[in-house]
Number of protein chains: 2
Amino acid sequence: MINRLARLPGLGRRSAERIALFLLESSAADVEALSTTLGRLRSEVRHCSVCRNISTAEICEVCSSTHRDRTRVCVVEMPHDVSRIEESEAYNGLYHVLLGRLSPELGKGPDDLGLDRLLQRISSDGVAEVIIATNPNVAGDATADYIAGILKGRGVNVTRPGRGLPAGSQIEFLRREALLDAFRNREALE
Amino acid sequence: MINRLARLPGLGRRSAERIALFLLESSAADVEALSTTLGRLRSEVRHCSVCRNISTAEICEVCSSTHRDRTRVCVVEMPHDVSRIEESEAYNGLYHVLLGRLSPELGKGPDDLGLDRLLQRISSDGVAEVIIATNPNVAGDATADYIAGILKGRGVNVTRPGRGLPAGSQIEFLRREALLDAFRNREALE
């Protein structure tokens, strides 16, 4: 049990041991409930057939909602990026989840990113803007450039979230690249 | 000695003890050199009479340089902000160092920020743009708003460094406010 738990991301051997001992002291019903939930995870959760986000239905809640702006698609690397953006309420359009990024080391190529599905949606669903919100780092930017190249000449605006100083931070602790972006992208102050 | 060292920022009692013991084992000449440097710190380092950054001369190197863009003044809170921006090479203009921020708790008011000197420079030195680069957090933004109000109608463009996703980061770990700024400030991708 400890060996299996220690393989989970973010858990070391010590944490795994602590969890195992905690479960030993828990009621049989609690442990049973956790076990059932784990069993259902793989059988009931799948990827949305439209946007590839995780979903319990064939089409996820965002894709089937009638309250979303269907003219915008935001491309992200992973389901947890959708969670963060949804929590922020910064965006009310649809998504396309790459389930990875271009990465020769990991053997992820263009075919793994579901881009054929994205192109289909663009040509048939009235998409006006694709916001490429891959991570703002080297691998994410390379993936964004590749996707922007594919989308060129297809009649959609291709954008990315703005770069600059992250709200809530201190200049003292920022990287050079963030300062370069921020001074390049100056905003007028009223 | 340990008590005095432990008062320095970033040093706890343990580190202070380690430094004291290290100095005990160092050569008398090394300790003497450190002592002399410390003595010179307060007598030889002052604030530049133009921008208030730390300087060994009456007017600092940036203010007296002939290679800087003298039409721009960047307002920062502290001398270490100047260091970070200079290291980034994101900016080649002049500075005004507030030596603090508006802060009722610390008793820092407008008069402590050297704004009279800044206004003098703007009216007499051909300044075209003031970039208010206070920290992108609540206290920094309040200070920026206050200064922007004072600069209004004085014939200078008032800007701030752009807000958004900091280069080199991951969306997963950013605050809500950074995502809000980033989706608001979208950039076209070619």
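Phe183(A) is buried, as is Tyr91(B).

Reader: Before we go on, what kind of model is this?

Author: The model is a predicted one.

Reader: How do Phe183(A) and Tyr91(B) pair up?

Author: Phe183(A) and Tyr91(B) make a tilted aromatic pair, with 5.4 Å centre to centre and 40° between the planes. Phe183(A) belongs to helix 8 (residues 176–184) of chain A, while Tyr91(B) sits in the loop between helix 5 (79–88) and strand 4 (93–97) of chain B, so the pair joins two chains.

Reader: And what sort of pair do Tyr91(B) and Tyr95(B) form?

Author: That pair is edge-to-face, at 5.3 Å centre to centre and 70° between the planes.

Reader: Why does Tyr91(B) count as buried?

Author: Its relative accessibility is 7%, and buried means under 20%. Tyr95(B) is buried too, with a relative accessible area of 2%.

Reader: Which residues form one aromatic cluster with Phe183(B)?

Author: Tyr91(A) and Tyr95(A) do. Over all chains, the whole structure has four aromatic pairs.

Reader: Changing topic: how is chain B laid on chain A?

Author: A turn of 180° and a shift of 0.2 Å along the axis bring chain B onto chain A with an RMSD of 0.2 Å. This is the relation of a two-fold axis.

Reader: Which residue of chain B comes closest to the rotation axis?

Author: Gly164(B) does, with its C-alpha at 2.2 Å.

Reader: At what angle do helix 5 of chain A and helix 8 of chain B pack?

Author: The angle is about 85°, and their axes are 9 Å apart. That makes the two helices roughly perpendicular. Among the residues in contact are Ile85(A) and Phe183(B).

Note on methods:
Residues are numbered from 1 along each chain as its sequence is written. Chains are lettered from A and ligands numbered from 1 in the order in which they are written. This is a predicted model: local features need pLDDT of at least 70, side-chain atom pairs count only at pLDDT 80 or more; totals for chains, interfaces and linings use all residues. Side-chain values use heavy atoms; hydrogens and water are left out. Copies are superposed by least squares on the C-alpha atoms of residues with pLDDT of at least 70 in both. Axes are lines fitted to C-alpha atoms, for helices over the stretch in contact, and angles run from 0 to 180 degrees between N-to-C directions. Helices (H or I, at least four residues) and strands (E, at least two) are DSSP runs, numbered from the N terminus. Angles under 35 degrees count as roughly parallel, over 145 as roughly antiparallel, 65 to 115 as roughly perpendicular and the rest as oblique. Contact means heavy atoms within 4.5 Å. Rings of Phe, Tyr and Trp (its six-membered ring) pair if their centres lie within 6.5 Å; planes under 30 degrees apart count as stacked, over 60 as edge-to-face and the rest as tilted. Buried means under 20% relative accessible area, exposed over 50%, partly exposed in between (1.4 Å probe, protein chains only).
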